[in-house]
Amino acid sequence: MKIVIDDKSGFCFGVVRAISEAEQALAGGGTVYSLGDIVHNRMEVQRLESLGLKTITHSDMASLAGARLFIRAHGEPPTTYTKAKELDIEVIDATCPVVARLQSRVVEAYNTMQPLGGQVVILGKRGHAEVVGLTGQVEDRAIVIEGEQDLKLIDFSRPIFFLSQTTQSIALFNRLGEEMQRRAAKAEQVTIADTICRQVSGREQHLTEFAGRFDVIIFVCGRKSSNGKVLFEVCRKANPRAYNIEEARELDPAWLESAASVGICGATSTPKWLMEEVAQQIQNSGC
């Protein structure tokens, strides 16, 4: 059986940078507290926890006076930094530069819309760390939509500034932008700013082509990965024999029956070593 690991799958620049910063901090000894999972991949989180990283929530911050707090690539709202300063917590800020720029764009969009009586609309997953960080830049005065069903939240008689979470689908963003312009009292009152990360979005077309080259696709990603859900759907549309797993032991031999080739790929939060483990499992067990 031919087994190929997609060379363009795996950590994006922002995640590579964040993990590198975490490893450097941990190398110096002592505990580093990560505000939320450093990456939406349980296996990689466990690896870093074995090095001394501890995952916490915002409610734990009150007990961390004087400790080291890690801000992951998703970013945080300003209130988190304010609280850390009050508690004398040392912040290790690994916010992805692309996300940081988007946070600034959200503030600019809000300031532009304020005198016009307009609205800032963000395409994103409600409750996702990046989205919480984005809306927090403007004290949660932005409208978050996940799809066409949420367009009812927008007042189309007023100006709109439309942006997106960095890992959303370009096709969905474009479709919703066009629909906003169609519904708006004046199409020119809708400002559309494509803020989707091209390192991530470019994978959609690539994975469509990659998934079509193999009999079976094994897509590896954490259950919490928003980007993983989007990219797996891309693979599934291109190849109905696409299966989503979090780790090698979830492989089902029945999936690979009569398959001459298997493609292994993953999300921007999937470590290469995990995809290699999956490939090895297939090879060793004859799945």
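The legends below accompany close-up views of a predicted model.

**View 1. Packing of helix α4 against helix α5.**
Helix α4 spans residues 97-113 and helix α5 spans residues 129-136; their axes come within 8 Å and cross at roughly 35°. The crossing of α4 past α5 is right-handed. On the α4 side, the contact is formed by Val-99, Leu-102, Gln-103 and Val-106, while α5 contributes Glu-130, Gly-133 and Leu-134. By residue class, the contact of α4 with α5 comprises four nonpolar, two polar and one charged residue.

**View 2. The surroundings of helix α5.**
Helix α5 is largely enclosed by the rest of the structure, because seven of its eight residues are buried. These buried residues are Ala-129, Glu-130, Val-131, Gly-133, Leu-134, Thr-135 and Gly-136. The elements against which they pack are the helices α3 and α4 together with β6 (119-123) and β7.

**View 3. The largest nonpolar core.**
The largest nonpolar core of the model has 19 residues, and those with the most contacts inside it are Val-32, Ile-38, Leu-53 and Phe-70. Helices α1 (13-27) and α2 (42-49) each supply at least two residues of this core. The largest share, six residues, comes from α1. Setting aside residues up to four places away in sequence, Ile-38 touches Ala-18, Ile-19, Ala-22, Val-45, Leu-48, Leu-53, Phe-70 and Arg-72. Another core, of 17 residues, lies apart from this one and has Ile-218, Trp-255, Val-262 and Met-275 among its members. In soluble globular proteins, nonpolar side chains tend to be buried together.

**View 4. Helix α2 and its start.**
Within α2, the buried residues are Met-43, Glu-44, Val-45 and Leu-48. The cover over these residues includes α1, β3 (53-56) and α9 (272-285). At the start of the helix, a side-chain oxygen of Asn-41 lies within 3.2 Å of the backbone nitrogen of Met-43.

Thr-268 is located in the loop between β12 (261-266) and α9. Thr-268 has a relative accessibility of 6% and therefore counts as buried, the limit being under 20%. Apart from neighbours within four places in sequence, the contacts of Thr-268 are with Gly-10, Phe-11, Cys-12, Val-15, Val-200, Arg-203 and Asn-227.

**View 5. Asp-88 in the loop between α3 and β5.**
Asp-88 is not a glycine, yet its phi is positive, at about 60°. The residue belongs to the loop that runs between α3 (78-86) and β5 (90-93). With a relative accessible area of 59%, Asp-88 is exposed.

**View 6. Glu-139 in the loop between α5 and β7.**
Glu-139, a residue other than glycine, has a positive phi near 55°. Its position is in the loop between α5 and β7 (143-145).

Definitions and conventions
Residues are numbered from 1 along each chain as its sequence is written. This is a predicted model: local features need pLDDT of at least 70, side-chain atom pairs count only at pLDDT 80 or more; totals for chains, interfaces and linings use all residues. Side-chain values use heavy atoms; hydrogens and water are left out. Axes are lines fitted to C-alpha atoms, for helices over the stretch in contact, and angles run from 0 to 180 degrees between N-to-C directions. Helices (H or I, at least four residues) and strands (E, at least two) are DSSP runs, numbered from the N terminus. A crossing is left-handed if the near helix is turned anticlockwise from the far one by less than a right angle, and right-handed if clockwise. Contact means heavy atoms within 4.5 Å. Ala, Val, Leu, Ile, Met, Phe, Trp, Tyr, Cys and Pro count as nonpolar, Asp, Glu, Lys and Arg as charged, and the others, Gly among them, as polar. Buried means under 20% relative accessible area, exposed over 50%, partly exposed in between (1.4 Å probe, protein chains only). A nonpolar core is a set of buried Ala, Val, Leu, Ile, Met, Phe, Trp, Tyr and Cys residues joined through side-chain atoms within 4.5 Å. A polar contact is a pair of N or O atoms within 3.5 Å; within protein, one must be able to donate a hydrogen and the other to accept it, and residues adjacent in sequence count only if both atoms are side-chain atoms.
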